[in-house]
Amino acid sequence: MTDIKCIGCGSVLQTNDKNKEGYITESGLKKDEPICQRCYRLRHYNEVQEVSMDSGDFLTMLNSLYETDSLIVKVIDVFDFEGSIIPSFNRIVGKKQVLAVINKIDLLPKSTNTSRLVERAKKMLKDEGITANDTIAISALKGKHLDELLKKISSMAQGKDVYIVGTTNVGKSTLINKLLEDNTGLKHVITTSNVPGTTLGMIDIPLGDNQTMYDTPGIVVDSQISHFVKASDLKFVSPTKEIKSKTFQLNIDQTLFIGNLGRIDYTEGGSNSFSVYCSQHLTVHRTKTTNAYDFYSKHFNELLAPPTIEEDFLTSNYDEYQFDLHGASDVLISGLAFISVAKKAKVSVRVPKDVNVTVRPTIFKGVQ
Ligand code: GDP
């Protein structure tokens, strides 16, 4: 172990164990800006190296936040709301001010009503028992609303330290990089990737006199869809550009498959329109509900791929949700898709076990 931190992910550099975080060769350590082997590979070859750090370590690190007098900036992935919630967040945060940042809004169609989105997000946070003092919707990647974010941070922090927290993959590192870039011209200081768990240690960035911003490690939570997909196939599931909807006119007893990770059965209602918002790489297939079982068994790693999955989750290892939708609603499959249903309906939704599914009144204009 050394006292030196990797400038990519913040983990403490060490030369002993290749499989543990912070590994660097002796010669790498002598360089001016040392970077661990994992970050090096990620940057130069876009290749991921698994390292072991359990969620206990992550929680211990986050628990140290409890002792601080600081502002907490909680970053949430608009496309994976449930997967963005940190377990025992309130306990970690105590009575600190919290700014909720809904990130990746560039993924939403232009027709999205952002103020409605923020209202719904506030309500969902409240349902999770999280009280945010303020909420803002941004795109870290596209630099949208970052000035507004900085203003809010500065007025809420009042000179205190700022901790950026969130589960993995919500965009914390991208956000900090963007803020650094805007403020200092430094680019890509922190390693970012679409693979969970990039930021392993805490990264501290001086904000000014006696004020510091910290990028904290992300916790991997079980409800994240990434658990069911190989790291190399995540790019098919997580959208990277504005999501376009595919609309289907459905009658009851019809089923939609979203890739091989989501199934929605229309069980009660009249002729209805279902708009599926998901990654451009996923295919959506319609079948009769009576044929759905056979269809999935036959096609789950063929017609319904990508991604390629380890087992037929929707037959062998799934959760099923029933919803009674009273009006135009969005069914949210965390990390996978929004399904906007135009009218009153009863639906049944199947997802790999522990992936969350929730419902909100629609945030898409036009679909009313
Ligand atoms: P972290 O684990 O929270 O630090 O997440 P990263 O910053 O590494 O980002 C995870 C993935 O989300 C990367 O592929 C980023 O390019 C992507 N990402 C981050 N912010 C945004 C955003 O505002 N919009 C979009 N479309 N993608 C984003």
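Two strands count as paired here if DSSP finds at least two bridges between them. With that in hand, welcome to a set of close-up views of a predicted model.

**View 1. An open sheet of five strands, S7-S10-S14-S13-S16, with antiparallel pairing.** Strand S7 (245-250) and strand S16 (357-361) stand at the edges. Each of these two has a single partner strand, so one side of S7 and one side of S16 are left without a neighbour in the sheet. Neighbouring strands of this sheet are turned by 20 degrees against each other on average, direction ignored. At one end of the order, S7 pairs with strand S10 (residues 272-278) in the antiparallel sense over six bridges. To find your place in this pairing, look for Lys 246, which stands opposite Val 276 in S10.

View 2. Eight bridges join S12 to strand S15 (residues 345-352), and the two pair in the antiparallel sense. Leu 325 is a handy landmark, standing opposite Ala 345 in S15.

**View 3. Aromatic rings, with seven pairs in the structure.** Start with Phe 257 and Phe 295: their ring centres are 5.7 Å apart and their planes meet at 20 degrees, so the pair counts as stacked, the cut-off being under 30 degrees. This pair links distant parts of the chain, with Phe 257 in strand S8 and Phe 295 in helix H9, 38 residues apart. Phe 257 is buried at 0% relative accessibility, and Phe 295 is buried too, at 16%. Another stacked pair is formed by Tyr 321 and Phe 323, at 6.0 Å centre to centre and with 10 degrees between the planes. Tyr 321 is partly exposed, with a relative accessible area of 21%, whereas Phe 323, at 16%, is buried. While you are looking at rings, note that ring pairs link Phe 257, Phe 295, Tyr 296 and Phe 300 into a cluster.

**View 4. Strand S1, covered on both faces.** Eight of the eight residues of S1 (residues 70-77) are buried, so the strand is largely enclosed by the rest of the structure. On one side sit Ser 70, Ile 72, Lys 74 and Ile 76, and on the other Leu 71, Val 73, Val 75 and Asp 77. S1 runs parallel to S4, with five bridges joining the two, and the bridge partner of Ser 70 in S4 is Asp 161. S1 also runs parallel to strand S2 (residues 97-103), here with seven bridges. In S2, Ile 102 is the bridge partner of Ile 76.

**View 5. Gly 171 in the loop between strand S4 (161-165) and H7.** Gly 171 is buried, with a relative accessible area of 13%. Its C-alpha lies 7.3 Å from that of Val 75, although Gly 171 and Val 75 are 96 residues apart in sequence. Leaving aside neighbours within four places in sequence, Gly 171 is in contact with Asn 103, Lys 104 and Ala 140.

**View 6. Lys 172, placed in helix H7 (residues 172-184).** Lys 172 is buried, with a relative accessible area of 5%. A polar atom of the Lys 172 side chain lies 3.4 Å from the backbone oxygen of Gly 166.

**View 7. Stepping back to the whole chain, with 10 helices and 16 strands.** Of the 368 residues, 54% count as buried. The accessible surface of the chain comes to about 16700 Å², and 48% of it belongs to carbon and sulfur atoms. Among contacts between residues at least 6 apart in sequence, 71% join residues at least 24 apart.

Methods:
Residues are numbered from 1 along each chain as its sequence is written. This is a predicted model: local features need pLDDT of at least 70, side-chain atom pairs count only at pLDDT 80 or more; totals for chains, interfaces and linings use all residues. Side-chain values use heavy atoms; hydrogens and water are left out. Helices (H or I, at least four residues) and strands (E, at least two) are DSSP runs, numbered from the N terminus. Buried means under 20% relative accessible area, exposed over 50%, partly exposed in between (1.4 Å probe, protein chains only). A polar contact is a pair of N or O atoms within 3.5 Å; within protein, one must be able to donate a hydrogen and the other to accept it, and residues adjacent in sequence count only if both atoms are side-chain atoms. Contact means heavy atoms within 4.5 Å. Accessible areas come from the Shrake-Rupley method with a 1.4 Å probe; for residues, only the protein chains shown count as cover. Axes are lines fitted to C-alpha atoms, for helices over the stretch in contact, and angles run from 0 to 180 degrees between N-to-C directions. Rings of Phe, Tyr and Trp (its six-membered ring) pair if their centres lie within 6.5 Å; planes under 30 degrees apart count as stacked, over 60 as edge-to-face and the rest as tilted.
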